[in-house]
Amino acid sequence: MARWSVWRSPVTLPLPWIEELTSGVRCSSSMPVVKQAFSESGSIVRPFREIPGLWKNGAANLYNFWKLDGFRNLHHIMVQNFKTFGPIYREKIGYYESVNIINPEDAAIVFKAEGHYPKRLKVEAWTAYRDYRNRKYGVLLKNGEDWRSNRVILNKEVISPKVLENFVPLLDEVGQDFVARVHKKIKRSGQNKWTTDLSQELFKYALESVSSVLYGERLGLMLDYIDPEAQHFINCITLMFKTTSPMLYIPPGLLRQIGAKVWRDHVEAWDGIFNQGRTQSTRMNFYSFDVMMFSRFISRTPNEIIALSPENNNFPFFHLYCVRWSFLFQSHPFVASADRCIQNIYRQLRQETGTQKKYPGVLPSLLMLDKLSIEDIKASITELMAGGVDTTSITLLWTLYELARHPNLQEELRAEVAAARAESQGDMLKMLKRIPLVKGALKETLRLHPVAVSLQRYIAEDIIIQNYHIPAGTLVQLGLYAMGRDPKVFFRPEQYLPSRWLRTETHYFKSLGFGFGPRQCLGRRIAETEMQLFLIHMLENFRVEKQRYVEVQSTFELILLPEKPIILTLKPLQTSQQHNI
């Protein structure tokens, strides 16, 4: 840290300070008066205003950004900016302002300054939708003590290492069903192979997996007939991400006022995610049916409801129906009493139920735990559901693409999986501890093809990076995509080398695909386990190949996606090598 050569007044940021940063840098009388400071190396610390970059005219920068097709090429623009300005630069595009860094050592400084209530970039489009529809924020969008109290409870149910034993059987079953589905596709092709764009299949796999863990229920997406509502949900998630990126730079409130198509599409997408994207007539039919059924339901005692369960296993089959009903008709006067009824049912179940033989899913577990309101549970479960489809499916698609590009590496991974299965004698939990190269492959995919272009934090205290003073309240971004391809950070960064993650050399703040610290991705444990199991089953059953001389680049739509379809060919291995068919 710096040695300040003058007296500093206490830093007490006013409440609107963070909000003001989104519309431009403000001078605050509560900021420290800095005449001169020295870094640990003895060099003079330069003021914030001297950080290089394009930050003096947000409107002009937005126009230039649009001309460069920045809404789709943000990751390439960031790489170029680091080449132009160096390891730190400041920019303002429209009303979006940030300081951007690329070095892992600088990232460590940022995370140490994130404070007790870490705050990342506020996705205005998402909060604007929830305000517009009067919906509660989930833990992804909350801040402060409200975020912390919710996150502590959710961590124990979703991200604690202890939950693996609950998730693995559910996710392993989905993985086996995906393999069976691919074998059917190969058999129907009549060519002993299946050549296709796997993106939609992987979306279905990801949605089936996350639904199984969150709700303890399968959606049936591995079957030949796909429920149109499930496909609609997938389409809505894709549209939601696509319409979010333009609103990072243009205020959603303005777009709403002028009735812009991007805002209308965004609302339609979230409505679909929240299961409201039906025509009015269809919704009225659901409405009359559900009001009738739920009126009967809430008139029953908890014991009567338990008795309705087909297996009488103390988990009422109505629990998903109840939450779905409450999602659909949040404005109906029955909802408050309905939510209280559901909470009371699970409160009694928690008192009466012993150890369950089968894990019921995250949502029923949270209801049984009785520490969060149903509104908080619904909001966070919806965010986990929405964030658990494109993100994992695209990472798996990129991984298969890279393995197809590197057939020798694919064989190395296959050999590791075979050895792990033999050593673990079919115990999947033990097997997951014996596949370091498979895990390295996923880390390598996230290095070259990160889901997020950057990782952000609003710093809670003044810091010094690259000999520049950065005041508290500033949004600082670590360029994940740029860092992953920087030869100063990674040896031969253009090469796909999963073995780099097995070496004893330090990986200090280099693997940040799921974020870091108390605000890291809440769905991390689900996603990692889901992807590892998927690769195990695929490597045991199929050889993955790609079209020759066809290389695929990425495009930005809030997350990084392939710019064109990735066509892969799946060929079955010899029958003796196959497992779980």
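## A predicted chain, its sheets and its core

Over residues 276–300 the pLDDT stays under 50, pLDDT being the predictor's confidence in each residue on a scale from 0 to 100, and for this stretch the model has 45 contacts beyond four places in sequence, where a contact means heavy atoms within 4.5 Å. Where pLDDT is low, the predicted coordinates should not be read in detail. For the chain, the mean pLDDT is 82, and 77% of the residues reach 70 or more.

This is a predicted model, in which local features need a pLDDT of at least 70 and side-chain atom pairs count only at pLDDT 80 or more, while totals for chains, interfaces and linings use all residues. Residues are numbered from 1 along each chain as its sequence is written, and side-chain values use heavy atoms, with hydrogens and water left out.

### The mixed sheet

Helices (H or I, at least four residues) and strands (E, at least two) are DSSP runs, numbered from the N terminus, and two strands are said to pair if DSSP finds at least two bridges between them. With these terms, 5 strands form an open sheet in the order S3-S4-S5-S10-S7, and the pairing is mixed. At its edges are strand S3 (53–54) and strand S7 (454–458), each of which pairs on one side only. Strand S7 pairs with strand S10 (residues 475–479) in the antiparallel sense over 5 bridges, and within this pairing Arg457 has Val476 of S10 as its bridge partner. Helix H3 (residues 70–85) packs on the sheet, where it touches S3, strand S4 (88–93), strand S5 (96–101), S7 and S10, and its direction makes about 130° with that of S4; such angles run from 0 to 180 degrees between N-to-C directions, the axes being lines fitted to C-alpha atoms, for helices over the stretch in contact.

Ile77 has its place in helix H3. Leaving aside neighbours within four places in sequence, Ile77 is in contact with Phe65, Leu68 and Gly70. Ile77 and Ala482 are 405 residues apart in sequence, yet their C-alpha atoms are 9.5 Å apart in space.

### The antiparallel sheet and a hairpin

Another open sheet is formed by 3 strands in the order S6-S14-S11, with antiparallel pairing. Strand S6 (194–197) and strand S11 (542–546) stand at the edges, and because each has a single partner strand, one side of each is left without a neighbour in the sheet. From one strand to the next, the twist averages 30°. Strand S6 pairs with strand S14 (residues 567–572) in the antiparallel sense over 4 bridges, and Thr196 stands opposite Leu568 in S14. Helix H23 (residues 524–541) packs on this sheet, touching S11 and S14, and its direction makes about 90° with that of S11.

Strand S12 (residues 554–557) and strand S13 (residues 559–562) pair in the antiparallel sense over 4 bridges, with Ile559 in S13 as the bridge partner of Glu557. The hairpin of S12 and S13 has 1 residue between the strands, and Leu558 takes a positive phi near 75° there.

### Burial and the core

A residue is called buried under 20% relative accessible area, exposed over 50%, and partly exposed in between (1.4 Å probe, protein chains only). The table sets out some residues in these terms.

| Residue | Relative accessible area | Class |
|---|---|---|
| Thr395 | 2% | buried |
| Cys236 | 4% | buried |
| Asp376 | 10% | buried |
| Ile77 | 17% | buried |
| Cys521 | 31% | partly exposed |

Thr395 lies in helix H18 (residues 390–405) and, not counting residues up to four places away in sequence, touches Thr445, Leu446, Val451 and Met531. Thr395 and Leu446 are 51 residues apart in sequence and 7.1 Å apart in space, C-alpha to C-alpha. Asp376 is found in helix H17 (residues 374–387), and with the neighbours up to four places away not counted, Asp376 touches Lys136, Tyr137, Lys142 and Asn150. As for the cysteines, the count comes to 0 disulfides, a disulfide being a pair of cysteine sulfur atoms within 2.5 Å.

A nonpolar core is a set of buried Ala, Val, Leu, Ile, Met, Phe, Trp, Tyr and Cys residues joined through side-chain atoms within 4.5 Å. The largest one has 153 residues, and those with the most contacts inside it include Trp126, Leu207 and Ile470. Beyond four places in sequence, the contacts of Ile470 include Phe48, Ile51, Ile88, Val99 and Val476.
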